[in-house]
Amino acid sequence: MKHLIAVCAAVLFSTISYGQLQVSASSGLAIGSATMKLGERVNASSTENSYGSYGEGINFQIRGTYFFDDSFGADLSIGYLKGTDQDVSIVNLPSTEVNAIARARAFGASASVVYKFTNNIYGRFGALLKLGGKTEGVIYQKSVFSEAEAEAFGVPNGSYSETNYKEDFHGHFPLGFVGAFGYKYDLDSNFSLFAEVEYYGISLKRKDSEIAEFNTDVKLPDGTVAVSGLYTIDNLPEGINKTTTYVDELSNTNTDTSRELSQKVPYSSFGINFGITYKFARAIKE
């Protein structure tokens, strides 16, 4: 037992003696990976699938890395993703126009193992976790009234309703994979620049959603507002729920429209990051 304690103490002392801490900040651009169908684009002559990943966009990261020896280290990071707009429903028909997009606004964290192949080339891999945020849906819909509808509103033929609303989707906390290879260039003994390619492998199962903004106006053919705020967040039209809960199972006799079957949405991406690193002095000089 004494021998084991002595060995453990020696390993711990040597690790602390080497201990090298560094912090970095970076930003990068990612494209979707392992994309899935997100929606459709419809016009008078055809219907086209829309594929993508909510992981596509611009990210910002702050990272802390601790090296135990010349090669191995542990890395903790937090980041923010400003996702690119993804087409969910694009409709262009004579009496109906829809432009519905969704985009990620998400915070995440990762814990990784880092290995330096050389003094300049490194790799890291580990676990990825989404901490918070949302997938934000932004919807525009224009619907031209039928003759009967126009008569009911007392407006001329060619008048239409125009609806704008936002819906925030939230998910269960997922666990994914992150991996990267990079190259760093030392500016001096403390500062260095780096570039890396990074892969995120993660998907998110939806938990709930909530309408954050909603407004419907009635407009004349020339665009003049005839009725402002026909429907609002406090007066939603029939069939539109302010909140929706997503579940894994629904009864065949379910009539609650605020409950829907859940689905997984992709957040995987492949991108490139650029950043700067500051390296602290070692804990104990050799």
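The structure is a predicted model, in which local features need pLDDT of at least 70 and side-chain atom pairs count only at pLDDT 80 or more, while totals for chains, interfaces and linings use all residues. Residues are numbered from 1 along each chain as its sequence is written, and side-chain values use heavy atoms, with hydrogens and water left out. Strands are DSSP runs of E of at least two residues, numbered from the N terminus.

**Cavity and pocket**

- The largest pocket, an open set of points with protein on both sides within 12 Å along at least five of seven lines, has a volume of about 530 Å³.
- Of the 28 residues lining this pocket, Val88, Glu167, Phe169, Arg206 and Tyr246 are the closest to its centre, and strand 7 gives the most to the lining, with four residues.
- The lining of the largest pocket has 16 nonpolar, seven polar and five charged residues.

**Nonpolar cores**

- A nonpolar core is a set of buried Ala, Val, Leu, Ile, Met, Phe, Trp, Tyr and Cys residues joined through side-chain atoms within 4.5 Å, with buried meaning under 20% relative accessible area, exposed over 50% and partly exposed in between (1.4 Å probe, protein chains only).
- In the largest core, of 13 residues, Tyr54, Ala104, Leu128, Val265 and Tyr267 touch the most other members, and strand 7 gives the most to this core, with three residues.
- Apart from this core lies another, of seven residues, among them Val91, Val98, Tyr165 and Phe214.

**Hairpin of strands 12 and 13**

- Strand 12 (residues 203-219) and strand 13 (residues 225-232) pair in the antiparallel sense over four bridges, pairing being assigned if DSSP finds at least two bridges.
- The two strands form a hairpin with five residues between them, and glycine 223 in the turn has a positive phi of about 95°.
- Threonine 216 stands opposite tyrosine 231 in strand 13.
- Glycine 229, also in strand 13, is partly exposed, with a relative accessible area of 28%, and its C-alpha atom is separated by 48 Å from that of leucine 76.

**Two loop residues**

- Serine 268, in the loop between strand 16 (264-266) and strand 17 (269-279), is buried, with a relative accessible area of 8%.
- Leaving aside neighbours within four places in sequence, serine 268 is in contact (heavy atoms within 4.5 Å) with residues including Ala34, Ser53, Tyr199 and Tyr200.
- Alanine 34, in the loop between strand 1 (20-32) and strand 2, is exposed, with a relative accessible area of 54%, and its phi is near 50°, a positive value in a residue other than glycine.

Technical notes
1 Å grid on protein atoms, 1.4 Å probe; cavity = no way out; pocket = protein on both sides within 12 Å on 5 of 7 lines; lining within 4 Å. Points joined across faces, edges and corners; volume = space filled by probe spheres on them. Nonpolar A, V, L, I, M, F, W, Y, C, P; charged D, E, K, R; others polar.
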